[in-house]
Amino acid sequence: IKKAINHFISTKNLSADDLLKIDYCTELISQGMKSTILQFEDKYYQYNGNVSTEKGLTIGGHESAFLADLAMSYLLEKCNKHFKGTLYHGIYRDDGIVIFNKNMSKHDMKSWLDNFQDSINKVSGNDYLKFTAEIWKYQSTNYSTRPVEGIKVITDNEFPFLDMCLKWSFK
């Protein structure tokens, strides 16, 4: 988070007062994270109230969404080279979409995903964020049924993304 903040404020000509406010807000967020009691259950952190659990951000907290967008904007900007062969890419919180300008095999997608993950890990300085991919190929019969770690092939005519349902249309 601090890397992202420093990156984005370095592109602005901010006053000393603005920088002081940013430091103050960052400290408030840090204090909030230190006082929110969480427990990791299944694949999500949940509020527990048990003093012996971890502390951090709650899902749905107002700062959680802001920090997710801030961190991912920074990471995507730093890893932008991976999107040169795409028609579109974007992210909303922890859900992203990339439209490649060619069909991708599971092997191609795994290679792209591994390279992207390596770049994210390098920029963030850790391996806490894990990316997976879904290939949307309507009525595909040319994909092997052999599983590839982190890759799922969707062959339905609908693809759920966020609160939308994208559909194939042949007009």
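Phe83, Phe100, Trp112, Phe116 and Phe131 form one aromatic cluster. Keep those five names in mind while reading on. The model shown here is predicted. Five aromatic pairs occur in the structure. A pair of aromatic rings is described by the distance of the centres and the angle of the planes.

Take phenylalanine 83 and tryptophan 112. Their ring centres lie 5.9 Å apart, and their planes meet at 65°. Planes over 60 degrees apart count as edge-to-face, so this pair is edge-to-face. The two partners come from distant parts of the chain. Phenylalanine 83 sits in the loop between α3 (62-78) and β4, while tryptophan 112 belongs to helix α4 (residues 106-124). They are 29 residues apart. Are phenylalanine 83 and tryptophan 112 buried or exposed? Both phenylalanine 83 and tryptophan 112 are buried.

Now move to phenylalanine 116 and phenylalanine 131. This aromatic pair is also edge-to-face, with 5.0 Å from centre to centre and 75° between the planes. Again the pair links distant parts of the chain, 15 residues apart. Phenylalanine 116 is in helix α4. Phenylalanine 131 is in the loop between α4 and β6 (133-136). Why does phenylalanine 116 count as buried? Buried means under 20% relative accessible area. Phenylalanine 116 has a relative accessibility of 4%, so it counts as buried.

Next comes histidine 82. This residue lies in the loop between α3 and β4. Histidine 82 has a relative accessible area of 13%, so it is buried too. Which residues does histidine 82 touch, leaving aside its neighbours within four places in sequence? The contacts are Trp112, Asn115, Phe116 and Ser119. Leucine 113 is 31 residues from histidine 82 along the chain, yet their C-alpha atoms are separated by 9.3 Å.

Turn to the surface. Leu87, Tyr88 and Ile99 form a nonpolar patch there. Together they have about 320 Å² of accessible area. Tyrosine 88 is in strand β4 (residues 86-92), and leucine 87 is in strand β4 as well. How exposed are they? Leucine 87 has a relative accessible area of 63%. The cut-off for exposed is over 50%, so leucine 87 is exposed. Tyrosine 88 reaches 44%, so it counts as partly exposed.

Leucine 87 has contacts of its own. Not counting residues up to four places away in sequence, leucine 87 touches Ile99, Phe100 and Asn101. Asparagine 101 is 14 residues from leucine 87 in sequence, and their C-alpha atoms are 5.6 Å apart in space.

Step back to the whole chain. How many helices and strands does the chain have? There are four helices and nine strands. Along the sequence they follow the pattern α-α-β-β-β-α-β-β-α-β-β-β-β. Of the 171 residues in the chain, 26% are buried. The chain exposes about 12,400 Å², and carbon and sulfur atoms supply 53% of that area. Consider contacts between residues at least 6 apart in sequence: 41% of these join residues at least 24 apart.

Last, look at confidence. The average pLDDT of the chain is 82, and 78% of the residues score at least 70. Which elements have the lowest and the highest mean pLDDT? Strand β2 (residues 44-47) has the lowest, at 56. Helix α4 has the highest, at 94.

Note on methods
Residues are numbered from 1 along each chain as its sequence is written. This is a predicted model: local features need pLDDT of at least 70, side-chain atom pairs count only at pLDDT 80 or more; totals for chains, interfaces and linings use all residues. Side-chain values use heavy atoms; hydrogens and water are left out. Patches are made of residues with over 30% relative accessible area and no salt bridge: like charges are joined within 9 Å, nonpolar side chains (Val, Leu, Ile, Met, Phe, Trp, Tyr) within 5 Å. Accessible areas come from the Shrake-Rupley method with a 1.4 Å probe; for residues, only the protein chains shown count as cover. A salt bridge is a side-chain nitrogen of Lys or Arg within 4 Å of a carboxyl oxygen of Asp or Glu. Helices (H or I, at least four residues) and strands (E, at least two) are DSSP runs, numbered from the N terminus. Buried means under 20% relative accessible area, exposed over 50%, partly exposed in between (1.4 Å probe, protein chains only). Contact means heavy atoms within 4.5 Å. Rings of Phe, Tyr and Trp (its six-membered ring) pair if their centres lie within 6.5 Å; planes under 30 degrees apart count as stacked, over 60 as edge-to-face and the rest as tilted. pLDDT is the predictor's confidence in each residue, from 0 to 100.
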